[in-house]
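Hi,

Here is the structure I promised to pass on. Have a look at it first, and my notes follow below.

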Amino acid sequence: MLDHIKNELPHAEKLKLANELAPKLRERAPTGDKLRRLPNETYSDLRSSGLARILQPKVFGGDEFGFPALIDLLSAIGKGDASTGWVLGQYCIHAYMTAFLPTEGQEEVWGDDPEAFIVGV
C-alpha cells in the first residue's frame, strides 16, 4: 500500500507561495547567470514549497492540479526569474509524464523520496 504524506495546500495557497518566492528568485537571478545553473538555495526553495509537485499524483503526495494551475504558478515564478520558471516547468512536466508509468514505476521514482525532482533531456 502506498502511504505517503499528502500535499494539501489549495491552488490559491500555492500561488501565494509562488508570488512570495518571486522576489527572492529575482535577487538570485544574477548568481544563477554566473553559475549557469540555479543556485542551491533556489532548488531548496522549490523543494520545500512543493511547487514542483503540482502535477504529481496525490497518492505520492502531489497536488494533481491541472495545466491551468501550472501556467498560473509558472507565470508567478517566471516574474521573479524566467530561468527558474523554465526549470520548474521541466520538473512539473516530467512528474506529469512519470504519472503515466505503471504503479511499480511510479513507486520506484517516488517511493523513497516523494519530493524527488525528475529530470530529463
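Which residue's side chain meets that of Arg53 in a salt bridge? The partner is Glu115, with 3.8 Å from N to O; a salt bridge here is a side-chain nitrogen of Lys or Arg within 4 Å of a carboxyl oxygen of Asp or Glu. This pair links distant parts of the chain, 62 residues apart: Arg53 is in the loop between helix 2 and helix 3 (67–80), and Glu115 is in the segment after helix 5.

Before I go on, some ground rules: this is a predicted model, where local features need pLDDT of at least 70, side-chain atom pairs count only at pLDDT 80 or more, and totals for chains, interfaces and linings use all residues. Residues are numbered from 1 along each chain as its sequence is written, and side-chain values use heavy atoms, with hydrogens and water left out.

Back to the salt bridges, of which the structure holds five. Arg47 takes part in one with Asp113 (2.6 Å, N to O). Asp113 lies in the segment after helix 5 (103–110) and Arg47 in helix 2 (residues 40–49), so this pair ties together parts 66 residues apart in sequence. Arg47 also meets Glu115, at 3.4 Å from N to O, and those two are 68 residues apart. Through shared partners, Arg47, Arg53, Asp113 and Glu115 are joined into one network.

How covered are they? Arg53 counts as buried because its relative accessibility is 9%, where buried means under 20% relative accessible area, exposed over 50%, and partly exposed in between (1.4 Å probe, protein chains only). Asp113 at 27% is partly exposed, and Arg47 at 31% is too. Glu115 is also partly exposed, at 31%.

Now the overall fold. The protein chain has five helices and zero strands (DSSP runs numbered from the N terminus: helices are H or I, at least four residues; strands are E, at least two). Buried residues make up 43% of its 121 residues. Its C-alpha atoms fill a box of roughly 45 × 30 × 20 Å along the principal axes.

One last thing, on the surface: Phe67, Tyr96, Met97 and Phe100 form a nonpolar patch with about 420 Å² of accessible area together. Patch residues have over 30% relative accessible area and no salt bridge, with nonpolar side chains (Val, Leu, Ile, Met, Phe, Trp, Tyr) joined within 5 Å and like charges within 9 Å; areas come from the Shrake-Rupley method with a 1.4 Å probe, and for residues only the protein chains shown count as cover. Met97 lies in helix 4 (residues 82–98).

Cheers
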